[in-house]
Amino acid sequence: EVEEENDFGMELESVIAGQLPPPRQDKATKCQEAESLVFGFIQNMRRHLQLSFLPVLCRPIGVGSTFEGWNPCEDDSIYCFLVPLKAPRGHTFHIEPGTAGETTARNFCIRVGLLCTCTAERWAKMRCFLHHPEDELKETEAPSLLHTLCTNSFLDVEKIAHWFSQNVKAVWKALPQSSQCGLTVLPSSRSCKFQVTGGRERSLTIEMIFGVQQGNSDVYLSSQALEATLTPSTMWPESYAVAEVKLFRHMTRQAPKNLVHLRCLRTCAHILGSTNFSTYSLKTVVMHLLTTTSLSSHHGTFYIRHVLTIMHYLRGCLEEKRLNHFFFGNKNVPKEIILPPDLLTAEPVNLFQHLPHNPDAHAKAWSDFNLL
């Protein structure tokens, strides 16, 4: 019976695999090329900005399905990086709650404040903007964060994206890749997106989003709007992208020779097709299963069983009209993932919150599920 199930699973996978883009053999190489390019940009920008009063750029972090290992469309990958920002000398970032709205994401504003640097004036050769605000406006001083990248003292996403994109253009000629490749900066209001063509890289599309870390956690306030809603430029939605990458890498270390959960996730994401199910909902299902069942512990030949386990879990969510967000009040999150204390004790958030009071949406979800 087990042998028959294995044969059936392998046959089904081969049928579905025929509809999927073939996995790129050079996927790891492409990721390394993208990382090398992004790190080169950041290092050069840091040197250029080290004496300025503009945000400090930290080491970029690869996020999204490509770096989680399950991207269903590898031939059209966008290599996404989160660039953490820290307050420059003499400044501080204060995180303040924003409006809740109707989205499942928590929104925040980042107020920029001034610190007293009077005691550091002599050895650091810097002015104290807190007690000498007129110095901020002097033309001889470096650009001021409050007067260039803020709106009403709040960090402005769109101003930062524009500023960063301009720096990308300026720094490009200093990178070794520029002698063989071309750079095209793509339109984007809340991130820096660009394409590099030619040379060994052939074609790389890279998106750099910006984030402010919450304490020492793996949760950031991100410049990227998480849902298709109009987000004010001073609003920073909470992002769990870094925590999600850490979770998938943690699970990979638990079973390095068996990545069947990634194969299943890639397959299921592909067959979502034109349904209304989002890939994030599907990924949430898999994250719950990874931390509550043995989804990643069996041999890859149990592929069909894992796919059916995912679908069974999704069916249960539709019956209950509820799919809990993975990081809100979830005691099964591995201890290696560091969350803000208030997120650990928060009430669960329902990603299917539109279903309980909308019979038409619920009926459409069932129709989509039956199609799957």
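Predicted model: local features only at pLDDT ≥ 70, side-chain atom pairs only at ≥ 80, totals over all residues.
**Exercise 1.** Determine how helix α7 and helix α9 are oriented to each other, and which residues make the contact.

*Solution.* Step 1: helix α7 spans residues 241-254 and helix α9 residues 279-292; they pack at an angle of about 45°, with their axes 11 Å apart. Step 2: angles of 65 to 115 degrees count as roughly perpendicular and those under 35 as roughly parallel; α7 and α9 are therefore oblique to each other. Step 3: their crossing is left-handed. Step 4: α7 contributes E244, L247, F248 and M251 to the contact, and α9 contributes Y280, K283, M287, L290 and T291. By class, six of these residues are nonpolar, one is polar and two are charged.

**Exercise 2.** Determine the orientation of helix α2 and helix α6.

*Solution.* Step 1: α2 (residues 27-49) and α6 (residues 157-172) pack at an angle of about 100°, and their axes are 10 Å apart. Step 2: the two helices are therefore roughly perpendicular to each other. Step 3: L37, F41, I42, N44, M45, H48 and L49 of α2 meet W163, F164, N167, V168, V171 and W172 of α6. This contact has ten nonpolar, three polar and no charged residues.

**Exercise 3.** Classify the aromatic pair of F67 and F81, and state whether each residue is buried or exposed.

*Solution.* Step 1: the ring centres are 5.2 Å apart and the planes stand at 65°, so the pair is edge-to-face. Step 2: F67 lies in helix α3 and F81 in strand β3, so the pair ties together parts that are 14 residues apart in sequence. Step 3: F67 is buried, with a relative accessible area of 9%; F81 is buried, at 0%.

Notes: Residues numbered from 1 in each chain as written. Heavy atoms only, no water. Axes fitted to C-alpha atoms, helices over the stretch in contact; angles between N-to-C directions. Helix = DSSP H or I, 4+ residues; strand = E, 2+ residues; numbered from the N terminus. Parallel < 35°, antiparallel > 145°, perpendicular 65-115°, else oblique. Left-handed = near helix turned anticlockwise from the far one by under 90°. Contact = heavy atoms within 4.5 Å. Nonpolar A, V, L, I, M, F, W, Y, C, P; charged D, E, K, R; others polar. Phe/Tyr/Trp six-rings, centres within 6.5 Å; stacked < 30°, edge-to-face > 60°. Buried < 20%, exposed > 50% of the residue type's maximum accessible area, 1.4 Å probe, protein only.
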